[in-house]
Amino acid sequence: MMPLSRRDMAERDACDPLRTARNAFSLPPGVIYLDGNSLGPPTGMTRARITHTVEHEWGRSLVRGWNVHDWIGLPQRVAAKIAPLIGASPDEIVVADSTTVNLFKLACGALALRPDRRVILTEAGNFPTDLYVLQGLVQASAGRLDLRVLARDKILEGLDDQVALLALTHSHYKTAALWPLTQLTQKAQAVGALTLWDLSHSAGALEIDLAGARADFAVGCGYKYLNGGPGAPSFAFAASRHHGLLEQPIWGWMGHAEPFAFVDAFSPAPGVARLLSGTPPVLALSALDAALDVFAEVDMAVVAAKAQDLVDVLIRLIQTRCAGHGLTLTTSERREGRGSHVAFTHPQGYGLMRALIARGVIGDFRAPDVIRFGLTPLYLGFTEVWDAVEVLREVLETGAFAQDDDSTRQRVT
Ligand SMILES: *Cc1c(COP(=O)(O)O)cnc(C)c1O
């Protein structure tokens, strides 16, 4: 294989069908942003929208805004923009709360649909919040439920007719390893189990077809590849065939059939709206609403293909230009087997990432030894990937990274 050059990268950028999408974003100068899988950047429209919402809508309309600006309908409007990105229909999604809270609601909802079964099956090393939510739920069940946590290669063996719910993360937050969503959903359903997919690391970066997969339930993050802003609300998906019987434990007035009837007794809203609990966060939803407009202009097949091209290039460049410096690739080299970020382990991973960030190459670190590079097709070019690898090579070759020292670790890595 011919070695890649920076010029090859510039040529790829010149014929990139997504190169204009980048103009929607305003990234700070001097930064190569490889952490959009953790927090996407704002678009120009998002910035303008936040100002507009505060100054014009909230500032002038005050409480009338719920009606005159239809704030009350924002969760549904945002859901309608997310729906095509995950292969769902708008009336199967709500946008509310955090991914953590939505995991809890949907896991409870799914378990109530399988009252004769007691096992929740998930993967060891799944994202911590997913594991913690399931542990908490089992604890609260006072002995009725069991959590079965198995290594990735044992999940299929563990999928038996005691399993009520298979809860997995589509693209793994450390390795980017991708579960075959359709296949696993079918296998779970073949033994009578329901599925709950966490799409946090795939929505907005990969092609997802929940309807085609006949998925039961899913959740995902608004602030990663969807660029909704720090702590943006999450989305929750429930297939329409479950709506009739679906229940969730956080009954609130926004999930009531008639929130403004102010009656004492709860009766759930028809359809997916019963997944709502409290008042919608209008500022955060407005930002997410504006951020999602970028996706209306692009074809997700093109986005997903470019993501894999960027991943291929980054892996190849690091393997050829940074060899012999203790980096071990933990992301699959197969395009079908991974999401949109690349992970390496390195014994001094934390110090290495700090040195990269100090030089404007922003990725992140996941304890104990993982460095991650998120490759977001909407605003990242191939030349930037080249330049980032050059910075990495220089840092590795000069040894210009501190020994990993817990006493100076920042609270958020
Ligand atoms: C980022 C992420 C979350 C985040 O959940 P929050 O409730 O927003 O903190 C959950 N699950 C996975 C798999 C994630 O990657």
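Biologist: What should I know about the model before we start?

Modeller: The model is predicted: local features need pLDDT of at least 70, side-chain atom pairs count only at pLDDT 80 or more, and totals for chains, interfaces and linings use all residues. Residues are numbered from 1 along each chain as its sequence is written, and side-chain values use heavy atoms, with hydrogens and water left out.

Biologist: How is the protein chain divided?

Modeller: Domain 1 covers 6–30 + 299–398, and domain 2 covers 48–296; the bounds come from an automatic or database domain assignment. The C-alpha centres of domain 1 and domain 2 are 29 Å apart.

Biologist: How many residues does each domain bring to the contact?

Modeller: Domain 1 supplies 25 residues and domain 2 supplies 18 residues, where contact means heavy atoms within 4.5 Å.

Biologist: And how much area is buried between them?

Modeller: About 1700 Å², with 64% of it on carbon and sulfur atoms. Buried area here is the accessible area (1.4 Å probe) that two parts lose on being put together, summed over both.

Biologist: Which residues of domain 1 lose the most area to domain 2?

Modeller: Met300, His341 and Leu378, which together account for 30% of what that side buries.

Biologist: Which elements give two or more residues to the domain 1 side?

Modeller: Helix H12 (300–321), strand S10 (341–345) and strand S13 (370–374). H12 gives the largest share, 6 residues. Helices (H or I, at least four residues) and strands (E, at least two) are DSSP runs, numbered from the N terminus.

Biologist: Changing topic, which residues are closest to the ligand?

Modeller: Thr100, Asp198, His201, Tyr223 and Lys224 are the closest of the 13 residues that surround the ligand, counted when a heavy atom lies within 4 Å of it.

Biologist: What distances do the side chains of Asp198, Tyr223 and Lys224 show?

Modeller: An N or O atom in the Asp198 side chain is 2.7 Å from a nitrogen atom of the ligand. For an oxygen atom of the ligand, the distance is 2.7 Å to such an atom of Tyr223 and 2.5 Å to one of Lys224.

Biologist: Where is the cis peptide bond?

Modeller: The bond from Ala367 to Pro368 is cis, with omega near 5 degrees. Pro368 lies in the loop between strand S12 (364–366) and S13.

Definitions and conventions
Polar contact = N/O pair within 3.5 Å; in protein donor to acceptor, adjacent residues only side chain to side chain.
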